[in-house]
Amino acid sequence: MKQKRSLIILTGAIMMLSACQDNNTLNNIAPIRDNSTQINFANYVGGITRASKGVGATFVSGDQIAVYGLQNIDGEYGKIFNNQLVSNTGQEIWSYTPAKYWEKSSTYDFYAVYPYAVANSFDFDARKFSITDFTVADTARDQVDLMIAKQITDHQPYNVVNFEFSHILSNVNFYVKASSQFNTDGIKSIEVVSFDVTGLYSKGSFAQTGWNTNNVFTGAWTADATSVYDMPEVKNAEYSIGSTKAAEVATDLLLLPQQINDNAILTIKFKLVYSDDTESVFSRSVALNKIVGNRVSDPSQKALLARWEPNYRYNYTISVDPSITSDGGHFLPNINPDHDQDELTNQDPENPITPVNNIIEIDNDGDGITDEYWIDEDMDDTPDYPIVWKDIDDDGKEEALPDRDQDGQPDDSDGDGNPDVIWMDTDGDDIVDTELERPKTKPDVPSDPSDPDYPTEAFIDYDGGTDGYKNATAWIVSDENGEYFVDTDHDGKGDIPVVWRDVDGDGKLEGIADKDGDGAATAADSYDNDGVDYNGQTKDYDVILIKEKDADGNETWRELEKDPSVPEVEITYYKTIIEFSATVSDWEDEYEASYVMK
């Protein structure tokens, strides 16, 4: 599969893309009712209305969840719940049979999925869910808000079990309005004659990869490429000129998270109703994966919405402007011979910087994920030279850089000492506006030895240095779950796991090489046995230090550290019947996309 994007190559960097998650936790502790130790369930979910569950206690009588549970007795785990059907019987009361009871000397782990009717599998050893061949219904009213609860581990007996559900699907919404640039004098309204999105997948399988630091599931969907999502064609939505809100066209859709391929096309046919009651009809289309969105949690962050992720909401506002047109919405760049502009923000309004080339994305293995990015210099749909990636401005992201001579290094076409940077026209106005970049490989250095930027020399000190601290002897790599490991032989494989502990009281967790492999930072993890850290303070173990170079090329050292996980909510112990309540974090984040149809 090949995808094309409009672009220009410049110097500079301004864009950031990072993940953010909001968590709202509520514990509903019931008053003491009796001396029973029976385990009961209750929950509520947060989200939006219609297809998805609403905010608060929106489960209704007849809703059902599947519960899995493990009882830990002196290190031995036994299954206390295995795909247990738990039903809402009304008034937030949940019931199941047979009743299960707490054991005061045990701890418990709990997992849950909604709805019970969706076939799911839970691996008790790996503590992971999988869902096979799930199909999204076509209409919003028939769609299911598929959810997995946050894992609950080491739960003490005689307490409420709080299930907090997170959405596994993507929430997608479409709106229509007039473009702010469109002169609407003499026009009463814009009516949507038809609105359709084609080329999306409806069926897929979900495989959980683990749990993040907030105990929310991590995982990915694999779409069935033979499936088709048939969104009902929308008709007769109306936008009144001057309205402060866009017209809702198709909202609260719960769709399969997926790579948006080139075949996914948004098509709108709309009618202008003039003040004299005459009418004109227009038709426009755009490839869905060419639309850019701003992250709501940080509007400065922009991204091409070429992929929908689980637990994210995507809001598309389609603005129409029948006074302009451009090849049915597929923007062909205007040739500009200057490949290295350095003052994007100071564009001359009379002569703005325009795109000069296209990007071709190549999916070599057909998995729906781009493997290579190339420049199409002569606009013949054939790759001419590749793109390389490097964080050249220390903003924590990798900028896309042209490699015209294909030596594996970025170019400096104007000889100003700065690598050329690729910029794109993301809003379809034929003016470049956004740097092309991607999230930086975690941790702060490439973890793949095949990466041309992967250090050939050791850059971390994990053992305290037998001949003095700050003596680099190894590398850092991370696995698919984001866990860090010390790589002692530069083969890209983790040799020593990293454990975490706030050793200096700064509120962050420092990374420590787990010498004895017991999963905890202890005195046994000291390699040099000198009893001090790199600051000369008394410590029983050695903090991992990373060697870096600043902008002037000077060598600096910093600790490998991360923010601690969100603290557990303190729960008061009650010797009472155990009730389950649950909160669901709202969608992890959302993107607002505004696109002008030409």
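The structure is a predicted model in which local features need pLDDT of at least 70 and side-chain atom pairs count only at pLDDT 80 or more, while totals for chains, interfaces and linings use all residues. Residues are numbered from 1 along each chain as its sequence is written, and side-chain values use heavy atoms, with hydrogens and water left out.

**Confidence**

The mean pLDDT, which is the predictor's confidence in each residue on a scale from 0 to 100, is 76 for the protein chain, and 73% of its residues reach 70 or more.

| Stretch | pLDDT | Contacts beyond four places in sequence |
|---|---|---|
| Residues 42-50 | under 50 | 58 contacts |
| Residues 326-342 | under 50 | 56 contacts |

**An open sheet**

Four strands form an open sheet in the order β18-β15-β20-β21 with antiparallel pairing, where two strands pair if DSSP finds at least two bridges between them. Its edge strands, β18 (238-240) and β21 (279-287), each pair on one side only. From one strand to the next, the twist averages 25°, an angle taken between N-to-C directions of axes fitted as lines to C-alpha atoms, on a scale from 0 to 180 degrees. Strand β15 (residues 187-198) is joined to β18 by three antiparallel bridges, and Glu191 has Glu238 in β18 as its bridge partner.

**Nonpolar cores**

In soluble globular proteins, nonpolar side chains tend to be buried together. A nonpolar core is a set of buried Ala, Val, Leu, Ile, Met, Phe, Trp, Tyr and Cys residues joined through side-chain atoms within 4.5 Å, and buried means under 20% relative accessible area, exposed over 50%, and partly exposed in between (1.4 Å probe, protein chains only). The largest core has 70 residues, and Phe174, Phe195, Leu288 and Tyr316 have the most contacts inside it. Strand β19 (residues 247-255) gives the most to this core, with six residues. Beyond its neighbours within four places in sequence, Leu288 touches several residues, including Phe174, Val197, Trp308 and Tyr316. A second, separate core of 19 residues includes Trp94, Tyr108, Phe110 and Val161.

**A loop residue**

Asp125 lies in the loop between β8 (121-123) and β9 (128-135), and Asp125 counts as exposed because its relative accessibility is 77%. Its C-alpha atom is separated by 10.0 Å from that of Tyr77, which is 48 residues apart from Asp125 along the chain.

Definitions and conventions. Helices (H or I, at least four residues) and strands (E, at least two) are DSSP runs, numbered from the N terminus. Contact means heavy atoms within 4.5 Å.
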